[in-house]
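Here is a friendly walk through one protein model, from its sheet and helices to its charged pairs. Please keep the viewer open as you read.

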Amino acid sequence: MNSTPVTIGESFGWLHHADGDRGVVMCASIGYEGLCAHQSWRLLADRLAAAGLPTLRFDYPGEGDSLGDPADPAIVDAWREQIRLAVRWMREVIGVREVALVGLRLGATLAAEVGGVERLAQIAPVVKGSSYLRELKMMARVLAASGATPEASIAAATSGDDIHLEGFTINQPMAAAVKRIDLTRLEAAPAQRVLVLHDPAAKPAPDYLQRLQSLGAAVETRALLDYRALTPAPMPAPPPLEDLDAVVAFASEGAGAALTARPPQGALATEHFIERGVVFGEHRQLAGVLCLPRGKPKMTVLMLDTGANHHIGCGRSTVDFARALTRLGFASLRMDTLGIGDSAVVENGPRAALYDAARAEDVSAALDFLEMRGLENVTLYGVCSGAALALYAALADARVKTLALANLQVFGKVEGEEREKLLEMGFAATHTYVSKAMSARAWARVANGEVSLGKLVDIASALLRRKASALAGALAQRLGLAHGKAREARANFSKLAARGVRILMLHGDHDVGREVMDVCFGPDARFLRHLPNVEIDVIDGADHALSSALSREALLEKMSFFLQAAARDADPGRDNHRAMASALTMATLGAFTLMTNLE
């Protein structure tokens, strides 16, 4: 990879190298929008650099891998200030003569407000903050209603003044700051030349374009050819290559060559941890963030991607989890596997990496990387597809001695059509969908268009497949047999037990993984319960990605005790009394609970 992890103040970023006299600062969208667009955003950075433009991607304060409190009442102003710092950094540290800002959604808006550059490319900019907030509220209702979310979570996501989007929260101060945004009142032209790419179904606001022109900017407009690919979705669409190329053409027009500097890798530090971006693997194709506690680590947690999301996790949950663990003395590496997030791009994108047993090679490369740094006592942790990858890696690499598997849905390999069906299914237990179907509120959502009939058909098909699998499993159990997938699952976990691997199995009480576990291992997973070193636990009311405040608190509590016990077993000479560990865990839980409540 031709990029370097960097820090600018309290923000984390990636510099994509090129020798050109015009640099690009990319201003991403926020929260769930930014998470879903990450793969396209990273690919755009690669293409800009390939066109000869040194390009900086960065995370705003309180977002991504950066420091900062997302509940800070002045957080929106902090985002604007970070754009200014990034522009100055590109001019003074990298040494470019000109700077172009490229922004997506709210990032495009913040870029226009900051301005002070030669070129600005805006992708679907937010012109009025009040309209944007209405969009986000509708999105929150639709996601809560159509997903596998328990009814209590739906109520929390769609009521009150805060907006909750898949673990990300827009609180009242943030919403008030966004609401005040109005690009039709810009006081100065943000750049000499401006390109506005807009949703083909909604032309850009004419009063905004007129305002830009009256301020002296040369304005171009262009309809996006694949706007859907940049909109939030649980499984992102392939990047809109033609639209990205239009941005590259605009940003690179007239740029010249120049020898630019390559800055040293920086680190983010607090009183509890030191964090730095890392690249590793045979061809340096893998990326992640290493989080080290102050003092010698007790052990290390290797955190794997959840679904198509990169290493920050949905709701930024993995970042908060890693940093909270440093208070207990645990290091962590949150990594992206090949094809996901900041690791090297592969054909067919993140979808190709999910449930691919070959990606266990990436986990082994991460273990090699940690070993070279003296971090050998490693626990693999993953949620959903990340848990499946952790299982594959443990089966393939004898160095794995500890596993924490959350909301695991598969207990063996999945390939071909079976894998495609799995990617399309929801993650809730069958009874959750049935109870929704019996609800008058659910049918009201269908009537007003919040949930499509097509979605209902998809859910019904998935439930029928589940029922057929459950019936086959029940029949096999009556005959005293372990059929198909159950036989493979039992063999896999027996192999790990024979090796002495300690395993924690965590599921949300509404998660389909609990049903699959019973199909594979018998009622109440009795086969697993007879294996040594296997713990099975349930988190009541948890969402599938474990991104809600409730899920995070419960996860930290259960993982803390599990890791403390694993650390004691790995190092029996360590003076680590249970009472002291329990007191420290409770103190950390209190701080973490406060942090998630603020979010």
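## A charged residue to start with

Is Glu 113 buried, partly exposed or exposed? With a relative accessible area of 27%, Glu 113 is partly exposed, where buried means under 20% relative accessible area, exposed over 50% and partly exposed in between (1.4 Å probe, protein chains only).

Before going further, a word on the ground rules: this is a predicted model, in which local features need pLDDT of at least 70 and side-chain atom pairs count only at pLDDT 80 or more, while totals for chains, interfaces and linings use all residues. Residues are numbered from 1 along each chain as its sequence is written, and side-chain values use heavy atoms, with hydrogens and water left out.

## The open sheet

Eight strands make up an open sheet with mixed pairing, in the order E1-E2-E4-E3-E5-E6-E9-E10. Strands here are DSSP runs of E with at least two residues, helices are runs of H or I with at least four, and both are numbered from the N terminus; two strands pair if DSSP finds at least two bridges between them. The edges are taken by strand E1 (3–8) and E10, each with a single partner strand, so one side of each has no neighbour in the sheet. On average, neighbouring strands are turned by 20° against each other, direction ignored. Axes are lines fitted to C-alpha atoms, for helices over the stretch in contact, and angles run from 0 to 180 degrees between N-to-C directions.

Within the sheet, strand E3 (residues 22–27) and strand E5 (residues 98–104) are parallel partners joined over six bridges. Met 26 sits opposite Val 102 in E5. Helix H2 (residues 38–50) packs on this sheet and touches strand E2 (11–16), E3, E4, E5 and strand E6 (117–123), its direction making about 160° with that of E4; contact means heavy atoms within 4.5 Å. H3 packs on the sheet as well, touching E1, E2, E3, E4, E5 and E6, at about 145° to the direction of E4.

## An enclosed helix

Helix H4 (residues 106–114) is largely enclosed by the rest of the structure, because eight of its nine residues are buried. Among them are Leu 106, Leu 110 and Val 114. Gly 115 follows H4 and has a positive phi, near 60°.

## Salt bridges

How many salt bridges does a search of the whole structure find? The search finds 34, counting a side-chain nitrogen of Lys or Arg within 4 Å of a carboxyl oxygen of Asp or Glu. In one of these, Asp 342 and Arg 57 meet at 3.0 Å, N to O. Asp 342 lies in the loop between strand E15 (331–336) and helix H11 (360–372), and Arg 57 in strand E4 (residues 55–58), 285 residues apart. Asp 342 is buried at 3% relative accessible area, and Arg 57 is buried at 6%.

Glu 113 has a salt-bridge partner too: Arg 80, with the closest N and O atoms 2.7 Å apart. Arg 80 belongs to helix H3 (residues 75–94) and Glu 113 to helix H4, so the pair ties together parts 33 residues apart in sequence. Arg 80 is buried, at 14% relative accessible area. Elsewhere, a network of salt bridges links Asp 21, Arg 22, Arg 97 and Glu 98.

## A loop contact

Asp 509 sits in the loop between strand E18 (502–508) and helix H18 (512–521). Its side chain reaches the backbone nitrogen of Gly 541 at 2.8 Å.

How values were computed: A polar contact is a pair of N or O atoms within 3.5 Å; within protein, one must be able to donate a hydrogen and the other to accept it, and residues adjacent in sequence count only if both atoms are side-chain atoms.
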